[in-house]
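Biologist: I would like to go through this model feature by feature. Please give the general idea each time, then the case at hand.

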Amino acid sequence: MKLTDVELRRISMPLVAPFRTSFGTETTRDILLVRVITEEAEGWGECVAMTSPRYSSEYVDAAADVLRRFLVPAVMAAGAPAAHSVAGILAPFKGHHMAKAALEMAVLDAELRAEGRSFGRELGAVRERVPCGVSVGIMDSVPELLEAVGGYLAEGYVRIKLKIEPGWDVEPVRAVRERYGDDLLLQVDANTAYTLGDARQLARLDPFDLLLIEQPLDEEDVLGHVELARQIRTPICLDESITSARDAAAAIRLGACQVVNIKPGRVGGYLEARRIHDVCVAHGVPVWCGGMLETGLGRAANVALAAMPGFTLPGDTSASGRYYASDITEPFVLDGGHLEVPTGPGLGLVPVPDRLAEVTTATERLAA
Ligand SMILES: CSCC[C@@H](NC(=O)CCC(=O)O)C(=O)O
Ligand SMILES: [Mg+2]
């Protein structure tokens, strides 16, 4: 399909509550959307890069710049690129996985809408609905945390993930386990906040039967995770360390992780995410779908991804209301702890024009 135009759009989405992690506190998401216009259909992509380079080296202004100056011109110069060829077209440009993922997602969405095929069908979904976990930020006190967790459980979430950091780890985990029982599916995410020297402290989490500990060490410290895995019983899950199927294969072979969090933006797109799924399944390693506080656009694609067979653990595929009072699409609403996989062509939904206009802070057209 010939690309005739590309729009970059920035939207500002206030969170329903501050979301604190070991690397900072989010109160508003400044999100970059990509819309591609082709002769047959339009497609939407969502860039998950954050405002500052604290989760990874990417940040939203840099993503807009690299798309504007390099990535979009390269794809438009290709004329009518198939979605599966976008990654190859962009390969000469190093890094910027989240920017590349947004552009590939938009081209894929347009292509699938034109062909009448859903994201789920394209990715190989085997489920019509997916069980949903929720990510719970670091809080000012244990009582506040227990109240928040109780609220999410009352909403029906089937798995709780607690953000942790040095000084906020064993005590909150113990309190949640003691209050909500041994059957609660419970895991933690450190976002690289620890070092191998903290192994003894992290081993103190072993008695709480956690599903996993996510990214305890620096994203580049793969061998450190191999050593940590020898010193703690809780399964290690990698997030920031895994930026490609090659990374996943190496980390698994080395024994750096026993579970993988798949985030399409982090790895360069939904097609690479599928390759990581396939590598992990081949190695018998469970995967789950991570989140980057996406709007309904990215959420729709993530829910489709989470319906693939190897996604055997509940993901951070929460309802729209977990983060936003009003989503830019029809909201995803939890039903019995699950979200329905969209079945329409492409993403299966589009932004609601009035809602999109309300939150838009800038738009620019990058016509051929
Ligand atoms: C602002 S934190 C974003 C990265 C974080 N994401 C989550 O905790 C889940 C966020 C979500 O529910 O979308 C992670 O490291 O897994
Ligand atoms: Mg994480």
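This is a predicted model: local features need pLDDT of at least 70, side-chain atom pairs count only at pLDDT 80 or more; totals for chains, interfaces and linings use all residues.

Biologist: Which residues come nearest to ligand 1?

Modeller: A residue is counted around a ligand if one of its heavy atoms lies within 4 Å of it. Ligand 1 has 19 such residues, and Ser135, Lys161, Asn191, Leu293 and Tyr323 come nearest.

Biologist: Which side chain has a polar atom 2.9 Å from an oxygen atom of ligand 1?

Modeller: For polar contacts, the cut-off is a pair of N or O atoms within 3.5 Å. Lysine 161 supplies the side-chain atom at 2.9 Å from a ligand 1 oxygen. Aspartate 189 also has a polar side-chain atom by an oxygen of ligand 1, at 3.1 Å. For asparagine 191, the distance from a side-chain N or O atom to an oxygen of the ligand is 2.7 Å.

Biologist: How much of the accessible area of ligand 1 does the protein cover?

Modeller: Ligand 1 has 430 Å² on its own, and the protein covers 100% of that. The space that ligand 1 takes up is the largest cavity. Two elements give two or more residues each to the shell around the ligand: β1 (3–21) and β6 (159–163).

Biologist: Turning to helix α8, which of its residues are buried?

Modeller: Buried means under 20% relative accessible area. In α8, which spans residues 222–231, the buried residues are Gly224, His225, Val226 and Leu228.

Biologist: What does alanine 362 touch, leaving out residues up to four places away in sequence?

Modeller: Alanine 362 touches Leu8, Arg9 and Arg10. Leucine 8 is 354 residues away in sequence, yet the C-alpha atoms of leucine 8 and alanine 362 are 8.2 Å apart.

Biologist: And where is phenylalanine 70?

Modeller: Phenylalanine 70 is in helix α1, residues 60–77. With a relative accessible area of 33%, phenylalanine 70 is partly exposed. Between phenylalanine 70 and arginine 275 there are 205 residues of separation along the chain and 25 Å from C-alpha to C-alpha.

Notes:
Residues are numbered from 1 along each chain as its sequence is written. Chains are lettered from A and ligands numbered from 1 in the order in which they are written. Side-chain values use heavy atoms; hydrogens and water are left out. Contact means heavy atoms within 4.5 Å. A polar contact is a pair of N or O atoms within 3.5 Å; within protein, one must be able to donate a hydrogen and the other to accept it, and residues adjacent in sequence count only if both atoms are side-chain atoms. Accessible areas come from the Shrake-Rupley method with a 1.4 Å probe; for residues, only the protein chains shown count as cover. On a 1 Å grid over the protein atoms alone, a cavity is a set of points where a 1.4 Å probe fits but cannot get out, and a pocket is an open set with protein on both sides within 12 Å along at least five of seven lines; lining residues have an atom within 4 Å of a point. A molecule sits in a cavity or pocket if more than half of its atoms lie within 2 Å of its grid points. Helices (H or I, at least four residues) and strands (E, at least two) are DSSP runs, numbered from the N terminus. Buried means under 20% relative accessible area, exposed over 50%, partly exposed in between (1.4 Å probe, protein chains only).
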